[in-house]
Amino acid sequence: MMSLFNLNPLTIKKINRFKSIRRGYYSFIIFTLLVLLSCFAEVLVNSRALLVSYEGNLYFPSYGSIIPGRTLGLGYDYETNYRDLQKKLKDSGSGFVIMPIIPYNPYENDLNDSSFPPFPPSFEDSHYLGTDTIGRDVAARLVYGFRTAIFFSLILLVVSYLIGVSIGAAMGYYGGLFDLLFQRIIEIWSNIPFLYVIMIISSIMIPNFFMLIVIVLLFGWIQMTWYMRTVTYKEKAREYVMAAKALGASNSRIIFNHILPNTVSIIITFIPFSIANGIIALTSLDYLGFGLPPPTPSWGELLSQGSNNLESLWIVSSVIVAMTLILVMVTFMGEAIREAFDPKKHTTYE
Amino acid sequence: MTQYFIRRLLLIVPTFIGITILVFVITRFVPGGPIERMIAEAQQASMQTGGMSQSVGSSIGAATLDEDQIRQLEEYYGFDKPVLVSYWDWLVKVVHLDLGESTRYSDPVWDTIKDRLPVSAFYGIMTMFITYFISIPLGYMKAVRHNSHFDHASSIVVFVGYAIPSYVVGIILLVVFASNLEWFPMGGFYGDEFEDMDSKLEQVADIFYHAALPLLAYVAGSFAVMTFMMKNSLMDNLAADYVRTAIAKGMPFKQAITRHAMRNSLIPIATHFGNNISVIIGGSFLIEKIFNINGLGLLGYESIVERDYPIVLGVLVISAILQLFGNILSDICVAAVDPRVQFR
């Protein structure tokens, strides 16, 4: 297994080739940065302040338990409204509040007395992308929706690859009855319209995050399994496996030390496309109303809200722009990785 | 070879049973089935009328359906028997081409499906033609001018088309061209005045006027894969020895492509045809939902939402059969266009 982590010259060559494909390499950098930033979304997009200085004391409310209003000199015991506090302290001069870039959390309804939501984008209220139909900040919901979608699809990816690689490698390596049995199962399974069954299942129970992963996983393992089966089948017939066998290596040693390292570079080329598929799957389910329960911030929910309220153009256009950017970046990444790890050289004629 | 395809055809039977039994069992064990729905409706009805007609509606007004009525309903839908027994009953009926009746409209399921099939098929076949019409020339040009500016620029378009799911393209088109610019209608298969139109020509024009945006969405979803397939297979063939030989002998490049390389590059495209079958006829319910087109996909979606299981199963039967035959058909296509392929 160690050979996976030691950078041999071949791997370095692949990485350099990947870096030389600028479109994919920059997409990779930006995308990784966005994922990392989304991990700290609480300090970028939140109704809690980053820093409160009140009567000489410093407070960092972003993480941890709530600070009741009374602590900060407001006359109530529920959580402080930091946006109000900011105005108040500015007037009185007894301290200051630093708010995140987007001072709203994705669940709160920011309503006013004079009109009804959705409100168009406004820099004055810091609703940079406007609000949705019940007054929640679109930008905040986009950011948290991105985090949900990306972690959904990353967890889905890891688990489905674990299942796919182990079953697929076993099918390809051992063959025989085990192979035949799973071939039938896969044939039946892959012919079931998967969105259909997911819709039936999630229309009877309201799935939470992990249940939804399990549901999508029910069908998500097939592709990788089938692919690994073919690859293992091919690798098994090669001389190095025969040599290992002749030396008396055990089956598990051959699979883990010899066959798997040789398939890794091909598995890697699948990753970006699986990420994109995970995001699309979650968004489609949420769009149809069979995904995560409200009020979970999600792109699919924004998409359906936006397409039902076409006169509030800012809702649908911001989610579409966000989705397009992310998916195109992931696709560019995928193409560059494929090009770097599994290059196709063609003869061309002048 | 014939033996192989006969074996494949026979394997359809267990696979078909596997698929349907799974969905049948799921529909059986989920709460909120047709009977619960009727009880709820009866409850609602009694709540609305209950106040006014207390004397008349002693039986109706009794909050819900009584035990006898529920049992009757269960018998009517076959819910009183064990799952496998009623599955068997259902399967025997399906073999006799009887898909049962919709629990919501009490129309025969087959009639409902028959109404919707042409709509989805229209979109499917049109999409296929347009996709081939764009992808083959585009793939050809990209392969011939590999690494040129044209190749790079068109690659970006194709990548974007590949990255965005087709229903999102549908929403974008709807927002821009139907809602904002108002160039095209918001949805539907044809307009309100369709019945009153004088000539067939006008009706056809109306259908295409309504079909423009959905078709674009469908095509956007499928042309990317096809274009890359065309480009890559043509590039592979251009690099093959027989084309190199032809060019070395002095054959003009153009001729080498059209006479030799092009023919072989169309093989993967041809084999892809069989895979399309279920999409061609089934349609994409997401696009049908967005544009409010009464096709097979939307029917399946609505029947799931409404728990109309006979229709759910009916649509499943049709799409499963199409898919299973489609798989075999694409293998037949492979064998037909490429004599080197041997199935055993």
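At what angle do helix H12 of chain A and helix H6 of chain B pack? Helix H12 (residues 313–341) of chain A and helix H6 (residues 149–163) of chain B pack at an angle of about 115 degrees, with their axes 9 Å apart. Axes are lines fitted to C-alpha atoms, for helices over the stretch in contact, and angles run from 0 to 180 degrees between N-to-C directions. This is a predicted model, in which local features need pLDDT of at least 70, side-chain atom pairs count only at pLDDT 80 or more, and totals for chains, interfaces and linings use all residues. Residues are numbered from 1 along each chain as its sequence is written, and chains are lettered from A in the order in which they are written.

- The contact joins Leu327(A), Val328(A), Thr331(A), Phe332(A) and Glu335(A) of H12(A) to Phe159(B), Val160(B), Tyr162(B) and Ala163(B) of H6(B); residues are in contact if their C-beta atoms, placed from the backbone, lie within 7 Å.
- Helices are DSSP runs (H or I, at least four residues), numbered from the N terminus.

**Helix H12 of chain A**
- Its 29 residues should span 42 Å at 1.5 Å a residue, which agrees with end C-alpha atoms 42 Å apart; the expected span is 1.5 Å times one less than the number of residues.
- Of the 29 residues of H12(A), 21 are buried (20 or more other C-beta atoms within 10 Å of their own).

**The interface**
- Chain B has 38 residues in contact with 30 residues of chain A.
- H1(B) gives the most to the side of chain B that touches chain A, with seven residues.

Definitions and conventions:
Helices (H or I, at least four residues) and strands (E, at least two) are DSSP runs, numbered from the N terminus. Two residues are in contact if their C-beta atoms, placed from the backbone, lie within 7 Å. A residue is buried if 20 or more other C-beta atoms lie within 10 Å of its own, exposed if 12 or fewer, and partly exposed in between; C-beta atoms are placed from the backbone.
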